[in-house]
Amino acid sequence: MGQLEGKTAVILGAASEGNMGQTIARLFAKEGAKVMVAGRKEAPLAALAAEIAGEYTLCDITSRAEVNAMADKARDTFGRVDIAINTTGWGLLASLEEITDEQLDQIVDLQFKGVHHFLQAFVRVMSAQAPTG
C-alpha cells in the first residue's frame with residue numbers, strides 16, 4: 001500500500017514533458033493517490049492522465065474562472081481534494097533594463113495573481129469538506 005492511498009491530488013502545471021508537475025503526478029499515482037493533472041496543453045495532459053490512470057483538465061492559472069472550475073471539477077470528480085499543488089512558472093530571462101511592461105504584467109499575472117487564485121479556490125473547496133480520519 002502506498003503512502004497516499006485513499007488521497008486525492010490536483011497538480012497544476014503538468015503539461016510539459018518531464019517537468020516538475022509531471023514528475024510529482026507520477027510519484028503521487030505510484031503512491032496510490034487519485035490524481036488530476038491540469039495545465040494549458042490538452043494532448044500532454046491527456047497522455048499523462050492515461051499513463052497514471054488519472055484525470056485531467058485544462059486550466060490557465062491567470063484566469064480566476066478557470067482555476068475555480070478546475071477546483072470544482074476535482075471536487076466533483078473525486079468527492080474531495082486532499083492535496084493541491086501548483087507547479088506553474090515562467091522563467092523571464094532578461095536583464096532588468098530589458099523587461100517590458102507587457103512582460104512584467106505577464107509575470108505578475110502568472111506568478112502572483114495566479115497563485116492567489118489557486119490558493120483561494122482550493123481553500124474554498126477544501127474548507128467545505130468534512131475531515132477524514
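Predicted model: local features only at pLDDT ≥ 70, side-chain atom pairs only at ≥ 80, totals over all residues.

Me: Good. What is valine 10 in contact with, leaving aside its neighbours within four places in sequence?
Reply: Valine 10 is in contact with Met36, Met70, Ala74, Val81, Ile83, Ala84, Ile85 and Phe122.

Me: Where does valine 10 lie, and is it buried or exposed?
Reply: Valine 10 lies in strand 1. Its relative accessibility is 0%, so valine 10 counts as buried.

Me: How far apart are the C-alpha atoms of valine 10 and phenylalanine 122?
Reply: They are separated by 9.6 Å. Along the chain, valine 10 and phenylalanine 122 are 112 residues apart.

Me: Staying with aromatics, how many aromatic pairs does a search of the whole structure find?
Reply: One aromatic pair. The ring centres of phenylalanine 118 and phenylalanine 122 are 4.9 Å apart and the planes are at 50 degrees, so the pair is tilted.

Me: Where do phenylalanine 118 and phenylalanine 122 lie?
Reply: Both are in helix 4, four residues apart, which is about one turn of the helix. Phenylalanine 118 and phenylalanine 122 are both buried.

Me: Which residues of helix 4 are buried?
Reply: Ile107, Leu110, Gly114, His117, Phe118, Ala121, Phe122 and Val125. Their cover includes strand 1, helix 3 and strand 4 (83-86).

Me: Where does helix 4 bend?
Reply: At aspartate 109, by about 35 degrees.

Me: And what span should helix 4 have?
Reply: With 27 residues at 1.5 Å a residue, helix 4 should span 39 Å. The end C-alpha atoms of helix 4 are 37 Å apart, which agrees.

Me: Now helix 3. What should its 15 residues span?
Reply: Helix 3 covers residues 64-78 and should span 21 Å. Its end C-alpha atoms are 21 Å apart, so that agrees.

Me: Which residues are buried in helix 3?
Reply: Val67, Met70, Ala71, Ala74 and Phe78 are buried. They cover an arc of only 95 degrees around the axis, which puts them on the same side of helix 3.

Me: What is the general rule behind that?
Reply: An α-helix has 3.6 residues a turn, so residues three or four places apart point the same way.

Me: What covers the buried residues of helix 3?
Reply: The cover includes strand 1 (8-12), strand 2 (34-39), strand 3 (55-58) and helix 4. On the face turned away from the buried side, helix 3 carries the exposed residues Ala65 and Asp76.

Me: What phi does glycine 79 take?
Reply: A positive one, about 90 degrees, just after helix 3.

Me: Which residue other than glycine has a positive phi?
Reply: Alanine 53 has one, near 55 degrees. Most residues other than glycine have a negative phi. Alanine 53 is found in the loop between helix 2 (42-51) and strand 3. With a relative accessible area of 73%, alanine 53 is exposed.

Me: Last topic, glutamine 129. Where does it lie, and which residues does it touch?
Reply: Glutamine 129 lies in the segment after helix 4 (101-127). Not counting residues up to four places away in sequence, it touches Arg80, Val81 and Asp82. A polar atom of the glutamine 129 side chain lies 2.5 Å from the backbone oxygen of valine 81.

Me: Is glutamine 129 buried or exposed?
Reply: Buried, because its relative accessibility is 17% and the cut-off for buried is under 20%.

Notes: Residues numbered from 1 in each chain as written. Heavy atoms only, no water. Helix = DSSP H or I, 4+ residues; strand = E, 2+ residues; numbered from the N terminus. Buried < 20%, exposed > 50% of the residue type's maximum accessible area, 1.4 Å probe, protein only. Polar contact = N/O pair within 3.5 Å; in protein donor to acceptor, adjacent residues only side chain to side chain. Contact = heavy atoms within 4.5 Å. Phe/Tyr/Trp six-rings, centres within 6.5 Å; stacked < 30°, edge-to-face > 60°. Expected span 1.5 Å × (residues − 1). Arc of directions from axis to C-beta. Bend = angle between axes of the 7 residues up to and from the residue.
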